Each structure stands twice: as C-alpha cells, then as structure tokens.
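Please examine the sequence and the structure shown here before reading the briefing. The notes are arranged by topic.

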Amino acid sequence: MKAKSEITTWLDQNEPHFTEMADEIWANPEIRFQEFKASKLQADFMEEAGFEITWDIGGLNTAFIAEWRTGQAGPVIGFAGEYDALPGLSQKVQGAPAPIQAGGHGHGCGHNLLGTGALAAAVAVKQWLQETGTPGTVRYYGCPAEEGGSGKAYMARAGAFDDLDAAFNFHPGHANYASKGSCLGVQSMKFRFHGRTSHAGAAPHMGRSALDAVELMNVGVNFLREHVEDQVRIHYVITDGGGTFPNIVPDKAEVYYYVRAHLPAQVQEVVRRVRNIAQGAAMMTETQLEEIVEHGTNCVLNNHALADLQYEAMQEIGPIPFTAAEKAFAAEINANNAPGNSDFVARSLGLSANEAAESLLGDVYASLDEGKVHTASTDVGDLSWKAPVSMLHTACWPLNVAAHSWGVVASGGMSIGHKGMMYAAKVMARAALDLFDDPAQLQAVRAEFDAATSATPYIAPIPTDKEPPQFENPYR
Ligand SMILES: [Zn+2]
C-alpha cells in the first residue's frame with residue numbers, strides 16, 4: 001500500500017475481520033458501563049494488530065485506548081468508537097418487529113457498527129503509516145456508555161483527548177454526509193425529596209409529602225417551558241412515586257430530569273432555573289431536597305475543514321452500492337413502521353421528495369446540516385471541544401426508521417449495516433491520510449478548532465467529584 005487511495009482496497013481485503021466483529025457485538029448486546037465482551041473483543045484485536053492497550057480511561061473499566069506510533073514525531077490522530085446497546089430493543093434480522101429475547105437489549109443506535117468502523121479505520125491507517133514510513137501516531141478510543149452515560153465526558157475529564165491533533169467519529173444514519181451542524185448539550189439530574197410520613201387520614205398535619213414536592217416541581221417546570229429558547233428540551237420521569245398506599249404520606253419521592261440546550265452556558269442557565277424551581281417546591285412543602293447529577297455532555301463543535309476532507313474522500317470512493325435485495329429488505333422495514341420518518345429525515349436534511357421515496361440512500365452528499373442544530377445529544381460533544389472532529393454519517397438504516405428503534409437493530413445485523421460501516425471506515429481512513437501527509441490541511445483544521453474553542457469556554461458537564469458507576473468486569 002503506497003498510494004493513499006489503496007487504503008480502501010486494504011479495507012475491502014480485510015472486511016471479513018470487521019463484519020465478524022460487528023456481528024459478534026450485535027449478537028451480544030451490552031448496555032452502558034457493562035460492555036465487557038465488546039471492549040475485550042476489540043482490545044484483543046488491536047493488541048494482535050500491534051497496538052499498545054491502556055485500560056481504565058477516565059475510571060471506566062470498559063474504556064481503553066489502543067495506540068500505535070512510528071517513533072518519530074508526527075500528527076496524533078484518534079478514531080473514537082462506541083459499543084453500547086440499548087435496553088428493550090432486542091430484534092432479529094427481519095423486516096418486521098420480532099425480538100430475539102422479549103425485553104432483551106439490542107443495538108438500536110448501531111453502535112456495533114460505530115465502534116467497529118472506527119477501529120477498522122484506525123487499523124488501516126496504522127498499516128499505511130507502517131508501509132509508507134510516514135511519521136505519526138494513531139489511536140483507537142474504545143468509548144463506553146454513550147447512551148445516557150456520557151462515557152467520553154469522563155474520558156475528556158481525565159485528559160484522554162488533550163494531545164490529539166484531530167479525531168474521527170462516525171454514526172450510522174440515513175445518508176452519507178460529514179456534519180457541519182451541531183446538536184444539543186444535555187445535563188441530567190435526579191431531584192430526590194425527603195419529607196415526613198404520617199397517617200394521611202388521622203394525622204395529615206404531621207406529614208410532609210415528598211410526592212407533593214415532585215408534583216409542584218413538575219408544574220413549575222412545565223410553566224418554565226414558555227420562557228426558554230426554542231431549542232431547549234426538558235423531559236422528566238418520576239422514578240420514585242413515593243409509595244403504594246394513599247393513606248401513608250410519602251416521605252420520599254424522586255423525579256429524573258434531562259435538560260437540553262445548545263451551548264454549555266445555555267445548558268447551565270436552564271439547569272439553574274430548574275434547580276430554583278426544585279428548591280421552591282421543597283420550600284412550599286417543607287421537604288428537604290437532594291440533587292444528584294447523573295450525566296452530561298456538551299454540544300458538538302463540528303469542524304468544517306474536516307467535513308470537507310471527508311466529503312472529498314466520499315467523492316473519490318463513490319456511493320454505497322446497495323443491491324436490489326438490500327433495498328427490498330429496507331422497504332419491508334419501512335412498510336412495517338408508521339409513515340412519517342422519511343418525510344422528517346427529508347425535511348431535516350433538505351432531501352428531495354424523490355430521495356425521500358427511496359428505501360435506502362447510498363448516495364454521497366456534501367454536508368446536509370450546515371447551520372442546523374440537531375435536538376438530540378451525544379458525548380462526542382466532549383471530544384469535539386478537546387480535539388477537532390466532524391461526525392460522519394453513513395447510510396446504515398432505511399429512511400422510514402428512527403434511531404433507537406427495532407428497524408435499526410434489524411439493518412445493523414446484516415449487509416446493509418456492514419456496507420455503511422465499511423464505507424465509514426474507508427472515508428475516515430482516507431481523510432486521515434491527508435492529515436498525516438499534508439501539514440497545510442492539518443493546520444487549517446487546527447486553526448478553525450482554535451478559533452471555535454477560544455471564543456467559548458468548555459464547561460465540564462459532570463461535577464469533578466462525580467465518579468462513573470462501577471460494575472465488576474469479569475475480564476479484568
Ligand atoms: Zn448513537
């Protein structure tokens with residue numbers, strides 16, 4: 001392998017290693033902080049491929065860094081992968097909803113592909129550096145707990161991304177484009193109220209209801225919604241309703257909130273107001289308030305120069321050649337979902353009605369989201385404030401399918417997902433080579449990053465004393 005374009009041929013030749021890995025992670029879905037098998041599988045593979053492995057990044061026992069370096073100074077480029085599944089989304093490779101195990105976990109966000117595609121790109125780049133004698137360091141980051149765990153925020157806090165010159169990350173999706181848009185930051189908190197129990201009939205005046213506090217807090221927050229910026233999202237669930245018998249005044253109750261807004265300071269401002277409301281509810285009910293920060297991530301700063309490099313790579317490689325059988329399978333999945341998502345995807349990405357009518361879109365697009373802010377969140381945000389990154393999206397799902405649903409699991413366990421994953425690996429690897437052998441490209445990426453991050457300060461989304469949840473890892 002000498003020419004940069006040959007890296008795609010190398011990935012084609014080695015594809016079975018990666019599709020097997022993606023399928024094994026798909027078949028053994030593990031949720032946040034418990035990705036024991038997936039992290040071991042990937043770390044063993046990388047060790048075998050000549051990478052040096054460091055575990056326990058950010059205090060997470062399913063997080064690791066695999067590093068390979070030439071020994072001469074050169075750019076340090078990272079590839080960030082994920083491997084966590086979602087609860088309750090077990091699903092067979094079928095065109096209709098059919099769980100493998102009722103209530104079981106499933107890869108409803110395609111992270112079996114996300115992690116393996118990033119790993120494949122890292123291995124391919126290492127191979128190219130080795131064969132061409134190009135100086136540099138390549139890292140694969142095995143990042144756990146993206147789903148509601150903000151694994152990368154813990155890794156960022158530990159300084160794991162600080163010395164990166166640039167990073168790559170892809171997410172399975174509906175279409176092939178590198179992102180220039182952003183998404184929301186999030187902070188999640190539990191509000192636990194402590195009251196005083198009493199007989200609700202005989203001595204109600206002695207009781208102080210924690211459930212009243214939860215209800216009053218929710219009423220207050222629902223009034224707050226009118227007086228926040230457009231992109232703010234606030235969601236809650238009552239995680240402890242306070243009891244089972246109405247004649248016992250509940251002495252404890254808990255409500256769990258997600259607060260989403262765009263920039264870090266905007267998230268903090270809405271959180272401040274929600275906390276004020278919680279304190280008000282505690283005062284009104286004469287209960288005590290306990291606040292527990294659960295997780296948080298910052299918005300993604302997508303680097304436009306990196307997006308352009310990936311677009312050039314996509315143009316060089318061409319579209320994803322989905323077969324008639326794959327399109328038919330996708331059409332079946334689409335038909336078994338309530339209509340509407342294709343139109344939503346088309347509107348949000350600016351696709352035409354003809355494109356939205358396709359079952360699967362393998363075409364190449366220039367960035368489809370410039371100037372847009374997606375209303376979901378990802379811990380890639382915390383990586384993006386530490387090193388330049390542009391999230392690449394590749395077609396791994398049918399169009400009438402939403403993330404976190406059975407259709408994603410079905411298409412992620414077969415050739416549609418495999419093709420989108422290998423495509424992402426090729427695009428990221430090909431673009432990374434430009435950063436290694438063309439200092440001007442890397443300088444442009446860095447200059448944009450420095451300008452973006454110097455204007456707005458990074459605010460760590462999790463408190464300094466918050467430790468990640470610990471589960472015993474049977475392999476470590
Ligand atoms: Zn995801």
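The points below cover the domains, the contact between them, and selected side-chain pairs.

The structure is a predicted model. Its protein chain is divided into domain 1, which comprises residues 6-181 and 299-455, and domain 2, which comprises residues 185-297. Between domain 1 and domain 2, an area of about 1100 Å² is buried.

**Domain arrangement**

- Domain 1 is assigned two segments of the chain, 6-181 and 299-455, while domain 2 is assigned the segment 185-297.
- A distance of 36 Å separates the C-alpha centres of domain 1 and domain 2.
- To the contact, domain 1 contributes 14 residues and domain 2 contributes 13 residues.

**Interface between the domains**

- Carbon and sulfur atoms supply 57% of the area buried between domain 1 and domain 2.
- On the side of domain 1 that touches domain 2, six residues are nonpolar, six are polar and two are charged.
- Two residue pairs are in polar contact across the interface of domain 1 and domain 2, both at pLDDT 80 or more.
- The number of salt bridges between domain 1 and domain 2 is zero.

**Salt bridges**

- The total count of salt bridges comes to 23.

**Aromatic pairs**

- The whole structure contains nine aromatic pairs.
- Among them is the tilted pair of Tyr 141 and Phe 161, at 5.0 Å centre to centre and with 50° between the planes.
- Because Tyr 141 lies in strand 4 (residues 137-143) and Phe 161 in the loop between helix 5 (151-157) and strand 5 (166-168), the pair ties together parts that are 20 residues apart in sequence.

Technical notes. Residues are numbered from 1 along each chain as its sequence is written. This is a predicted model: local features need pLDDT of at least 70, side-chain atom pairs count only at pLDDT 80 or more; totals for chains, interfaces and linings use all residues. Side-chain values use heavy atoms; hydrogens and water are left out. Domain bounds come from an automatic or database domain assignment. Contact means heavy atoms within 4.5 Å. Buried area is the accessible area (1.4 Å probe) that two parts lose on being put together, summed over both. A salt bridge is a side-chain nitrogen of Lys or Arg within 4 Å of a carboxyl oxygen of Asp or Glu. A polar contact is a pair of N or O atoms within 3.5 Å; within protein, one must be able to donate a hydrogen and the other to accept it, and residues adjacent in sequence count only if both atoms are side-chain atoms. Ala, Val, Leu, Ile, Met, Phe, Trp, Tyr, Cys and Pro count as nonpolar, Asp, Glu, Lys and Arg as charged, and the others, Gly among them, as polar. Rings of Phe, Tyr and Trp (its six-membered ring) pair if their centres lie within 6.5 Å; planes under 30 degrees apart count as stacked, over 60 as edge-to-face and the rest as tilted. Helices (H or I, at least four residues) and strands (E, at least two) are DSSP runs, numbered from the N terminus.
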